[in-house]
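Okay, thanks for coming, everyone.

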Amino acid sequence: MFLEKLLILLQIKNINKCILFFLFFLYSCSDFDFVYKNNGTSSELSITEILITGSSDDIIRKTLSNKFLLNEESDGYRLSVNSKVETKSIVIENDQTASTVEIKYILEYSLFDYKKDCIVFKEIVSTLSTYNSRAESYNFGSDLSKEQVTEQVIHDNINKFTYQINTKGNELECINEG
């Protein structure tokens, strides 16, 4: 009889320990955050219109549309972007083929505030990267590598611009164009 009561009491204590462990586990994970959030490079800026001129305008337009809120109903901002790409052969082999190529994107950003009727932010951001071309003639892999590097350079450039806009916050004032 005593042994049976002791076993029941020990089982209850084990169940309590399990419940306490489970509650502790839930509480310790309650403030869990993901490391790779994409919210760090997005902006709450209300862009009404995005104008892009220059090279790779479709990639730039798609990336900017994902980063900024497009709100055509409000009188927010107009973002004008002029892009220019420069490619340069870095390593040239004996047969005059380029094995390493540098891609540099220069994007000139101009942010116009419709409410203030002036330009509130103007910046030129340049980013560069390299890729290796391993073939002497046409190679699908080299073209794909160039495409991926081009997209990454554009994303990096836009992320730099977004960071600069986010650090300014609500302190966007009219600038002199002179």
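So, a question to start: is Asp 117 buried or exposed? Keep in mind that this is a predicted model. With a relative accessible area of 59%, Asp 117 is exposed, because the cut-off for that word is over 50%. As for where to look, find the loop between E4 and strand E5, which covers 118–132; Asp 117 lies in that loop. The backbone there deserves a glance too: phi of Asp 117 is near 55°, a positive value in a residue other than glycine. Most residues other than glycine have a negative phi.

Let me zoom out. The protein chain has three helices and five strands. Reading from the N terminus, the order of elements is α-β-α-β-β-β-β-α. Of the 178 residues in the protein chain, 28% are buried. The chain exposes about 12,800 Å², and carbon and sulfur atoms supply 53% of that area. Now contacts: take those in the protein chain with a separation of 6 or more, and 66% of them come from residues 24 or more positions apart.

Next, the aromatics. How many aromatic pairs does the count come to? Four aromatic pairs. One of them is Tyr 109 with Phe 161: the ring centres are 3.9 Å apart and the planes sit at 5°, so this pair is stacked, given that planes under 30 degrees apart count that way. The pair also links distant parts of the chain, with Tyr 109 in strand E4 (residues 98–113) and Phe 161 in helix H3, 52 residues apart. Both Tyr 109 and Phe 161 are buried.

While we're on rings, have a look at Phe 112. The charged end of Arg 78 sits over the Phe 112 ring, 4.5 Å from the ring centre.

Last stop, Thr 162. You'll find Thr 162 in helix H3, which runs over residues 140–168. Why does Thr 162 count as buried? Because its relative accessibility is 0%, and buried means under 20%. Thr 162 and Leu 64 are 98 residues apart in sequence, while their C-alpha atoms are 9.3 Å apart in space.

That's my tour, so over to you for comments.

Technical notes: Residues numbered from 1 in each chain as written. Predicted model: local features only at pLDDT ≥ 70, side-chain atom pairs only at ≥ 80, totals over all residues. Heavy atoms only, no water. Helix = DSSP H or I, 4+ residues; strand = E, 2+ residues; numbered from the N terminus. Buried < 20%, exposed > 50% of the residue type's maximum accessible area, 1.4 Å probe, protein only. Phe/Tyr/Trp six-rings, centres within 6.5 Å; stacked < 30°, edge-to-face > 60°. Lys NZ or Arg CZ within 6 Å of the ring centre and 35° of its normal. Contact = heavy atoms within 4.5 Å. Areas by Shrake-Rupley, 256 points an atom, 1.4 Å probe, with all protein chains shown as cover.
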